[in-house]
Amino acid sequence: MVQCRICGGPVEEFIDFGRQPVSDSLVTPEAAGSEFFFRLAAGVCTECTMVQLIEEVPREKMFHEDYPYRSAGSVVMREHFEKYSNQLLGSELTGDAPFVVEIGSNDGTMLKTIGRAGVRHLGVDPSAQVAEFAKEQGVRVRTDFFQEASAREIAEADGPADVIFSANTVSHIAYIGSVFRGVDALLGPDGIFVIEDRYLGSIIAQNAFDQIYDEHFYLFSVTSVQAMARRYGFELADVQPLSVHGGSMRYTIARPGRRTVSAAVTEHVEHEREAGLARTETYHRFAEHARDSCRDLVRLLTELREQGRSVVGYGATAKSATVLNHCGIGPDLVPFICDNTPAKHGRLAPGAHIPVRPSEEFSRPYPDYALLLAWNHAEEIMAKEREFRAAGGKWILYVPDVHLV
Ligand code: DWN
Ligand code: SAH
Ligand code: ZN
């Protein structure tokens, strides 16, 4: 039995996707044969309910010079981060010489608004190319992994921080104890540590099995984040549901007693108990649904190929690595994937080796069907590509189950 990385309790495995590649390591055709694979499986701790991977991928294999993801690839996400930056500027960052640190600052999409307001800030991100892009936007970035040692150096040089913010990153860090010890060293006495991440409740409700992949070492819930905060000497003071990324949650963590604990925390813990997030059968049902979705998706794509219909993928997402590789979907069923990230163009999707091409090719000519691998951006993408449906095209989605739009 695997031990929980948060509380040491027993982790019960509930899903096994078998041999999987590193989800954001799109390969050049020449390097296609030398990819790193690992066993992608997830379990739930029967003590603190933290969902976590069974096998940890070395962090250098995931986050490095070549890391391709750009937060700015979505207008909705750009607006989301700008809105929250302005919210922080009007609340937590109004004192004398406020200082904010972002863990996983990526291309600076969040911090550029803070920097333009003249507020002291520091992004921390180990992926050098994307960090360089942030610096070109005037954002101050330390190209490094946030952990206890680097946090202590930041505290020494610039600290303490009024706010430590992190979106879709803390869940990517298996060595979470070091992150919290770093937060303890860097955060001021009344400071807040704000984590935004995909919400386990939404993932279970939508059968979004593709949100399980190498980078997502943890899938957070209010119950498990409350336990995690306590475990490291902090307190979960507030939670706020968010619609981004298919359903996320914003967790506000503070030092014990320094902030009033919102009723929303206990309300969500109670709701999660009722939704069965502490019951292992919930997760076994989730795994069963994932198998059904894979079966239905391959069946549909095979039928379309036999009918001579054209299909392309839309959005070379990290999560699509799980779908394509677990369901065995390759270029024979999906000849190429369109994506708006220049760093992904000319590369092959990890493991499945489906070529990724610029989004402009989507309409040259439109395919009969488009497999929406970026389903979490459906509204934004379908609005942008409304001509596709107007021309008779159909979107294939697999969350919450396989269906056409
Ligand atoms: O958690 C994570 C999130 C924040 O981003 C990281 N582990 C890595 C990454 O995951 P992802 O790749 O699944 O994220 P997205 O935001 O679902 O990726 C969308 C992909 O689709 C990007 O490659 C950009 C592309 N895209 C596009 O081609 N046209 C996106 C939009 C909105 C578009 O209009
Ligand atoms: N916050 C952005 C990017 C999320 S992608 C957004 O929400 O869009 C995850 C990011 O975390 C990547 O840029 C990766 O390089 C970074 N990352 C991974 N481990 C990290 C660590 N220990 N410290 C800081 N950044 C880290
Ligand atoms: Zn646990």
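Predicted model: local features only at pLDDT ≥ 70, side-chain atom pairs only at ≥ 80, totals over all residues.
Which strand gives the most to the lining of the second largest pocket? Residues are numbered from 1 along each chain as its sequence is written, and side-chain values use heavy atoms, without hydrogens and water.

**Figure 1. The second largest pocket.** Strand 11 contributes the most to this lining, with four residues. A pocket is an open set of points on a 1 Å grid over the protein atoms alone, where a 1.4 Å probe fits, with protein on both sides within 12 Å along at least five of seven lines; lining residues have an atom within 4 Å of a point. Of the 14 lining residues, Tyr84, Gln87, Ile192, Asp238 and Thr252 lie nearest the centre of the second largest pocket. Helix 2 (75-89), strand 11 (235-242) and strand 12 (248-254) each give two or more residues to this lining; helices are DSSP runs of H or I with at least four residues, and strands are E runs of at least two.

**Figure 2. The salt bridge between Arg152 and Glu148.** The two side chains meet at 3.0 Å, N to O; a salt bridge places a side-chain nitrogen of Lys or Arg within 4 Å of a carboxyl oxygen of Asp or Glu. Both residues lie in helix 5 (residues 148-158), four residues apart.

**Figure 3. The salt bridge between Asp197 and Arg198.** These side chains meet at 2.8 Å, N to O. Both Asp197 and Arg198 are buried, that is, under 20% relative accessible area with a 1.4 Å probe and protein chains only.

Conventions: Chains lettered and ligands numbered in written order. Buried < 20%, exposed > 50% of the residue type's maximum accessible area, 1.4 Å probe, protein only.
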